[in-house]
Amino acid sequence: MIPLRDENPASRAPIVTRSLIVLNVVVFLYELMMGPELRDFMFRWGLLPERLTWALQRGTEPVIRAGLPLLSSMFLHGGWMHLIGNMWYLSLFGDNVEDRLGRFRYLVFYLIAGIAGGLLHWLFNSHSRVPTVGASAAIAGVLGAYVVAFPRARVITLVPLFPFFQLMALPAIVVLGFWFLFQFFTGALSLAFSATGGVAWWGHVGGFLFGAMVMLLVGSTRRSEAWVQS
């Protein structure tokens, strides 16, 4: 399912969400200009699980320095499609979460969600030598917060119904709940078959659960103005 837009207008301009999108795009353009130096750059600033593990277990470097990529990696992307997909989801769902939490709390929430997702990815892949990059864990936090705050908000979604696609207005809990279950079960399968690299499924799961828990604690009292008719 591909969400296209939601029927849940925010009450003010999503300045932080837009700024995060611009920052991610600028960093990606910088990546494109690096040429052959990009690989070393990704290994330095992407989340390298084994590097953090060795810092904790063997003291190969200060833990703070080895853990800094938990933050920096969420502003790096591996390609145009990776960037566009992440920024699309952030633009669709970030405005309402920013509106609910307030701009400063939302920014702090976004960054910690990314770190929380990165830590869960590291926990399940502690000896991986593949650098992890992308805003997915932080954006998963936004999705988790959205589904708690606006579970019945209508999301216009492109649904594959063989052999065609069909536009459907679905409640957010269906669209984002399906997204979460896909991440969880795919992550479980990756563990069962000892798959490494590719997508940080557990980073998505960790970010989503963090976002849902935060919204349950601090921001779920106000309801969405958009409802699914029953």
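This is a predicted model: local features need pLDDT of at least 70, side-chain atom pairs count only at pLDDT 80 or more; totals for chains, interfaces and linings use all residues.
The volume of the largest pocket is about 800 Å³. Its lining counts 40 residues. His82, Ser136, Val199, Ala200 and His204 are the ones closest to the pocket centre. Five helices are listed as giving two or more residues to this lining: α6, α7, α8, α9 and α10. The largest share, six residues, belongs to α8.

| Element giving two or more lining residues | Residue range |
|---|---|
| α6 | residues 80-101 |
| α7 | residues 103-124 |
| α8 | residues 136-149 |
| α9 | residues 172-192 |
| α10 | residues 201-218 |

**The sheet**

Strands of a sheet pair through backbone hydrogen bonds, either parallel or antiparallel. Here, three strands form an open sheet in the order β1-β2-β3, and the pairing is antiparallel. β1 (2-6) and β3 (164-171) are the edge strands; each has a single partner strand, so one side of each has no neighbour in the sheet. From one strand to the next, the twist averages 25°.

β2 covers residues 154-161. Four bridges join β1 and β2 in the antiparallel sense. Arg5 has Ile156 of β2 as its bridge partner.

Which strands does α6 lie across? The answer is β1 and β2, with α6 running at about 35° to β1. α6 also gives two or more residues to the pocket lining.

Methods. Residues are numbered from 1 along each chain as its sequence is written. Side-chain values use heavy atoms; hydrogens and water are left out. On a 1 Å grid over the protein atoms alone, a cavity is a set of points where a 1.4 Å probe fits but cannot get out, and a pocket is an open set with protein on both sides within 12 Å along at least five of seven lines; lining residues have an atom within 4 Å of a point. Grid points are joined across faces, edges and corners, and a volume is the space filled by probe spheres set on the points. Two strands pair if DSSP finds at least two bridges between them. Axes are lines fitted to C-alpha atoms, for helices over the stretch in contact, and angles run from 0 to 180 degrees between N-to-C directions. Contact means heavy atoms within 4.5 Å.
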